[in-house]
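Me: Hi! I'm new to this one, could you walk me through it?
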Amino acid sequence: MHVPVLLDEAIRLLDPQPGENFIDATIGGGGHAEKLISRIGTEGKLLGIDWDEEQIRRLKEEWREKTNVILTAANYKNLENIIKQYNFAPPDGILFDLGFGLHTLEVSGKGFSFQKDEPLIMRYGGDEGPTAREILNTASEAELERIFREYGDERYSENIAHAVAVERKRKQIERTADLVRIIGEAIPRFLGRRGINPATRTFQALRIAVNDEFGNIKKGVSAAIRVLAKNGRIVVITFHSGEDRVAKEIFKKASEEKTLEILTKHVIRPGRAEVLRNRASRSAKLRAGIKK
Ligand SMILES: C[S@@+](CC[C@H](N)C(=O)[O-])C[C@H]1O[C@@H](n2cnc3c(N)ncnc32)[C@H](O)[C@@H]1O
């Protein structure tokens, strides 16, 4: 079960009131949304989005009695169209919780986890764009290096990109286990023994590239600021430095254009107690703003 991250902080900053309209752009297991729904009451409305159809199907079943909730399987980058499609009034608050659904990692069978031997697909939803396998076997060595560095903050991006380019001439790279082995052989030995698994950053980078995650965040969060009602609130929770850089830039630009007042001069991080309770929260950062 997914444990919602920075739940109290997100709710405090979104400040939902009875009768208001909210959007949860990444509804996932519905942890944050449940709290929002209890605050806005039956007079309020919630629009929940997730591009993982399975999560939406499960929530529809679980919440079939909640008549003030709309659930849709879609990419939040199309937020403006989704709002039009459902004739949803300008929202009083929008939440983006960009973390990675544990559910996807464990059960999708699409190669998100380096701990399982699966085909390298890594698409969250739909069948747009190249799979991880296609990127690994066709992108130039320079492009792979950029992906691993920019999206994974991988310091051995050159070594890994080179190892991939050599290996794929011999045999196409098809499965997670192949990639884990290539990474293990490409980087200095001692790194495999402590700290995070040496494959972590490369897997993260590929996932971001396959799903155009930074492009989605740019489009989705910018659209959210545009559609918010006056004095409406936005909260964005990120889970690694790349995501946070994108969110920070959009907030900064909107603040310069005087469309958003930033409510978090310093990002909010989970306290020690939350990290002890839920290790997945350790890298979370929360930014919030209010529409002008
Ligand atoms: C950390 S989970 C959200 C958890 C949720 N807040 C909860 O409390 O259960 C992030 C979710 O965002 C979804 N997601 C990621 N990128 C998306 C996108 N571009 N459009 C729609 N959903 C997306 C994932 O499928 C995942 O379910």
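Predicted model: local features only at pLDDT ≥ 70, side-chain atom pairs only at ≥ 80, totals over all residues.

Me: At what angle do helix 11 and helix 12 pack, and how far apart are their axes?
Reply: The angle is about 30°, and the axes are 10 Å apart. Angles under 35 degrees count as roughly parallel, so helix 11 and helix 12 are roughly parallel to each other.

Me: Which residues meet there, in helix 11 and helix 12?
Reply: On the helix 11 side you'll find Phe214, Ile217, Lys218, Val221, Ser222 and Ile225. Their partners in helix 12 are Gly242, Glu243, Val246, Ala247, Ile250 and Ala254. Sorted by class, this contact has eight nonpolar, two polar and two charged residues.

Me: Switching topic, what does the domain assignment give?
Reply: The assignment gives domain 1, made of 7-103 + 213-291, and domain 2, which covers 126-210. Taken over C-alpha atoms, the centres of domain 1 and domain 2 are 31 Å apart.

Me: And how many residues does the contact take from each domain?
Reply: Six residues come from domain 1 and five residues from domain 2.

Me: Now the ligand. How many residues surround it, and which are the closest?
Reply: There are 21 residues around the ligand, and the closest are Thr26, Gly28, Gly29, Gly31 and Gly99. The shell divides into five nonpolar, 12 polar and four charged residues.

Me: Which helix and strand each supply at least two residues of that shell?
Reply: Helix 2 (31-40) and strand 2 (45-50) do.

Me: What does helix 1 meet in helix 2?
Reply: Leu7, Ala10 and Ile11 of helix 1 meet Gly31, His32 and Lys35 of helix 2. Gly31 is also among the closest residues to the ligand. By class, the contact between helix 1 and helix 2 has three nonpolar, two polar and one charged residues.

Me: How are helix 1 and helix 2 angled?
Reply: Helix 1 (residues 7-14) packs against helix 2 at about 40°, with the axes 10 Å apart. That angle makes helix 1 oblique to helix 2. Their crossing is right-handed.

Terms used
Residues numbered from 1 in each chain as written. Domains from an automatic or database assignment. Contact = placed C-beta atoms within 7 Å. Near = placed C-beta within 6 Å. Helix = DSSP H or I, 4+ residues; strand = E, 2+ residues; numbered from the N terminus. Nonpolar A, V, L, I, M, F, W, Y, C, P; charged D, E, K, R; others polar. Axes fitted to C-alpha atoms, helices over the stretch in contact; angles between N-to-C directions. Parallel < 35°, antiparallel > 145°, perpendicular 65-115°, else oblique. Left-handed = near helix turned anticlockwise from the far one by under 90°.
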